[in-house]
Amino acid sequence: MKFHFFSAALALACFCGAANAQNTKLTLDLSKPGASVSPMLYGLMTEEINYAYDGGLYGELIRNRIFKNNPTKPDAWSLINEGDAKAAIALVGANPQNVPNAERGHAINDALTTCLKLTVENAGTRAGIANSGFWGIPVKPATTYSASFYIKGAGQAPPPARGGGNRPPQANATPIPVIENNTAGPVTVSLESNDGKTVYASGIINVEKTPYWKKYALKLTTKAGITPTKDAHFVISTNRTGLYYFNLVSLFPPTYGNRPNGSRADLMQMLVDMKPAFLRFPGGNYLEGPYLADRFPWKTTLGPLEQRPGHPGSWGYRATDGLGLYEFLGWCEDAHMEPLLGVYAGYSLNGDHVDAGPLLVPYIDEALEEIEYIIGDAKTTKWGAQRAKDGHPAPFKLHYIEVGNEDWFDKSGSYDGRFNQFRAAINKKYPQLKVISTIATKVYPTQKVTSGRPVDMEDEHYYQNSWQMQEDAFKYDNYDRTKGPKIFVGEWATREGSPTTNLISALGDAAFMTGMERNSDIVLMSCFAPLFVNVNPRNEATGEPSGMQWASDLIGYDALTSYGSPSYYVQSMFNNNVGDKIVPVGVSNLPMLHIDTAALNKNLPPQQRRGRQQKPDRPSLYYVATKDSKTGTIYLKVVNVADHAENVTLDLKGAGAIAATGTLIELKGEKPESTNSITDPKHIVPVTTNLTGLGKSFTHSFSPYSVSIIKIKAAAGK
Ligand code: AHR
């Protein structure tokens with residue numbers, strides 16, 4: 001018997017093989033003290049992809065709230081024109097060269113430079129503007145929504161100035177002539193069904209007679225007993241003629257923990273339930289941007305929403321930056337995790353890079369300021385003071401900085417210099433911080449960082465099919481313990497199933513996680529990616545693109561509901577059930593599977609095929625054990641990827657007294673493609689039951705296509 005290895009003298013089966021006739025045995029060796037499990041092992045990775053924030057975690061329900069999504073038309077907005085109303089809407093300021101002089105000067109400030117003009121020549125029954133949200137506005141019973149918007153009537157406003165240009169002039173200033181202003185008076189704000197027949201909630205604001213921008217806010221409360229729906233829109237309407245200009249139109253449902261400018265509660269709750277140790281942000285590609293100028297602009301993601309212009313993003317749509325640096329940090333607090341900050345390192349997705357040396361200094365300064373915002377003293381540092389002003393005087397927790405993202409794409413060879421320049425500057429100011437390289441020695445041996453002292457940690461990324469992930473379950477067993485480096489698996493996922501991963505993905509994930517957990521003395525951190533997907537498909541009739549840019553994600557949602565993929569539940573199971581010490585596990589008669597890899601790849605979409613040549617034979621069982629040295633609880637995780645049950649003898653070598661009853665947490669499904677979805681959100685979920693008949697040696701039958709965690713109560717200290 002060998003520890004961590006499997007004996008290969010076994011019958012080869014395919015996925016549809018016969019039940020294991022051999023006597024498979026796992027021996028948990030509790031007599032030897034194992035290595036420590038990294039307390040940071042399981043975290044989250046996030047970026048703005050698949051409408052993860054806007055139309056996802058960020059609570060805002062209005063899409064295109066500052067009208068900058070598309071310079072040619074007001075995306076997500078439409079005209080309400082009822083009875084014999086004669087009205088029109090138009091963007092103002094988006095395209096100044098096409099806008100008559102009279103229309104200039106409607107900017108609120110440098111960030112809010114585009115607004116929506118509603119011209120009402122004849123009000124008919126009513127005229128107004130409607131927003132369709134992110135594939136609908138979710139309306140729920142007995143719920144209070146917070147609406148707000150800027151509105152003004154016609155008139156020449158003063159030119160924009162930083163921090164709020166369109167403000168009333170000083171008392172002695174020449175009054176600005178009002179061209180036409182019927183805007184003053186009541187305006188109705190409502191949540192309505194798309195056909196306008198049902199009004200779920202409504203309120204009235206009284207617009208003052210002034211040509212200057214003014215913000216109005218009101219609450220909209222729905223009645224108890226209404227059926228939840230996302231077939232709704234948000235309407236601002238009038239029954240008076242005139243010119244109406246709108247900007248920063250916002251609608252928030254109740255947020256997680258009632259944070260202002262906060263998060264969608266169901267999604268945040270799912271993350272909290274995972275008990276993650278850290279959050280890797282802001283990307284991913286979202287950190288880098290398509291071009292250097294599009295890198296994550298953390299400074300303009302701070303402060304009042306009025307000062308956030310948004311930026312182009314990296315995944316084909318504009319980011320509002322409503323979920324900005326401060327909100328990321330609040331998210332960390334909500335989920336009791338710490339940030340792992342990715343800093344822009346002078347390389348963008350189009351391949352441009354900034355060489356190490358003087359040209360890189362401004363980017364390093366930017367990163368140092370960003371770190372100062374997170375941990376700088378509120379009284380003695382500029383950015384610490386800004387954080388205090390934003391609402392958080394105490395520094396946040398921060399231990400890890402990652403320099404760039406996937407810099408192996410930079411074929412110029414500049415990363416070594418860039419990394420070292422960043423690391424030197426970061427560690428000079430913050431010697432306590434660990435600095436992570438994005439190039440992993442094992443994966444890119446010719447591109448790795450070679451200069452300077454050894455790297456604290458290296459980031460490895462894996463996007464593979466289930467079979468490849470199973471193959472990689474043993475890879476870390478062979479990593480060098482003495483020379484390092486330590487590993488951060490900063491992005492990984494089994495990519496089968498769309499929009500969210502399916503059962504065979506979850507089994508691949510779980511197999512891979514047994515390998516990371518068993519080797520968590522060197523794999524210190526890991527996080528699945530991408531985290532979120534807005535599951536709305538492309539609308540073929542209107543051409544509206546889908547919410548998804550990257551298939552096979554962890555958590556899916558539409559405007560109204562959300563669900564976890566089988567992979568999500570595997571993540572939760574692993575994170576919530578892990579001890580602090582690794583227990584060595586020996587195996588005999590490990591059952592094997594055989595697969596026709598060519599046939600497998602043929603049936604997979606191209607992105608799931610990438611990766612190296614796969615071996616046709618591999619185990620059907622994957623396992624890891626840890627124990628809690630305080631309570632004595634042993635956590636045995638076993639993944640069965642076969643289509644049949646596997647009977648396994650479990651021996652607890654060197655164990656003290658074992659409680660006869662333990663707990664089984666089991667996730668299983670009927671076939672590899674089985675999955676969860678918006679319409680069937682709980683098809684595959686873990687089920688917890690009592691397990692009886694436990695002792696120093698007992699048998700257990702592991703279900704087909706299953707992930708099992710057996711919790712065994714043992715005397716502490718053994
Ligand atoms: O997770 C999706 C993308 O995959 C990330 O943005 C990037 O880092 C990786 O290539």
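**Asn 50 and its loop**

I began with Asn 50, which lies in the loop between strand 3 (42-45) and helix 1 (53-57); helices (H or I, at least four residues) and strands (E, at least two) are DSSP runs, numbered from the N terminus. The model is predicted, so I kept in mind that local features need pLDDT of at least 70 and side-chain atom pairs count only at pLDDT 80 or more, while totals for chains, interfaces and linings use all residues. Residues are numbered from 1 along each chain as its sequence is written, and side-chain values use heavy atoms, with hydrogens and water left out.

Is Asn 50 buried or exposed? I noted that Asn 50 counts as buried because its relative accessibility is 0%, where buried means under 20% relative accessible area, exposed over 50% and partly exposed in between (1.4 Å probe, protein chains only). The side chain of Asn 50 reaches the backbone oxygen of Phe 532 at 3.0 Å. Leaving aside neighbours within four places in sequence, I found Asn 50 in contact (heavy atoms within 4.5 Å) with residues including Tyr 317, Pro 530, Phe 532, Trp 550 and Asp 553.

**Cis peptides and positive phi**

Pro 530, one of the contacts of Asn 50, is joined to Ala 529 by a cis peptide bond with omega of about -15°, and Pro 530 is found in the loop between strand 20 (523-528) and strand 21 (532-534). I looked up another cis peptide bond between Phe 281 and Pro 282, where omega is about 0°; the place of Pro 282 is in the loop between strand 14 (278-281) and helix 3 (285-288).

I then turned to backbone angles, where Ser 552 has a positive phi of about 70° although it is not a glycine. Ser 552 sits in the loop between strand 21 and strand 22 (555-557), and it is buried because its relative accessible area is 0%. Asn 258 also has a positive phi, near 55°, in a residue other than glycine, and is found in the loop between strand 13 (242-252) and helix 2. Asn 258 is exposed, however, because its relative accessible area is 63%.

**The ligand**

Which residues surround the ligand? I listed Glu 47, Gly 284, Asn 285, Trp 315, Asn 405, Glu 406, Tyr 463, Glu 491, Pro 530 and Trp 550, a residue being near a molecule if one of its heavy atoms lies within 4 Å of it. This shell divides into 4 nonpolar, 3 polar and 3 charged residues, with Ala, Val, Leu, Ile, Met, Phe, Trp, Tyr, Cys and Pro taken as nonpolar, Asp, Glu, Lys and Arg as charged, and the others, Gly among them, as polar.

For the atom pairs, I recorded a polar side-chain atom of Asn 405 at 3.0 Å from an oxygen atom of the ligand. An N or O atom in the side chain of Glu 406 is 2.7 Å from an oxygen atom of the ligand, and a polar side-chain atom of Glu 491 lies 2.7 Å from an oxygen atom of the ligand. Taken alone the ligand exposes 280 Å², and the protein buries 94% of that; accessible areas come from the Shrake-Rupley method with a 1.4 Å probe, and for residues only the protein chains shown count as cover.

**Helices**

In helix 2 (residues 265-273), I found Leu 267, Met 268, Met 270, Leu 271 and Val 272 buried. An α-helix has 3.6 residues a turn, so residues three or four places apart point the same way. Just after helix 2, Lys 275 takes a positive phi of about 50°.

Thr 514 lies in helix 9 (residues 503-518) and counts as buried because its relative accessibility is 0%. Not counting residues up to four places away in sequence, Thr 514 touches Ala 473, Phe 574, Tyr 622, Tyr 623, Val 624 and Val 639.

Lys 382 is found in helix 6 (residues 382-390) and counts as exposed because its relative accessibility is 58%.

**Cysteines and the whole chain**

How many disulfides does the structure hold? I found 0 disulfides, a disulfide being a pair of cysteine sulfur atoms within 2.5 Å. Cys 115 counts as buried because its relative accessibility is 0%, and Cys 527 counts as buried because its relative accessibility is 1%.

For the chain, I noted 12 helices and 34 strands, with 60% of the 718 residues counting as buried. Among contacts between residues at least 6 apart in sequence, 79% join residues at least 24 apart.

Conventions. Polar contact = N/O pair within 3.5 Å; in protein donor to acceptor, adjacent residues only side chain to side chain.
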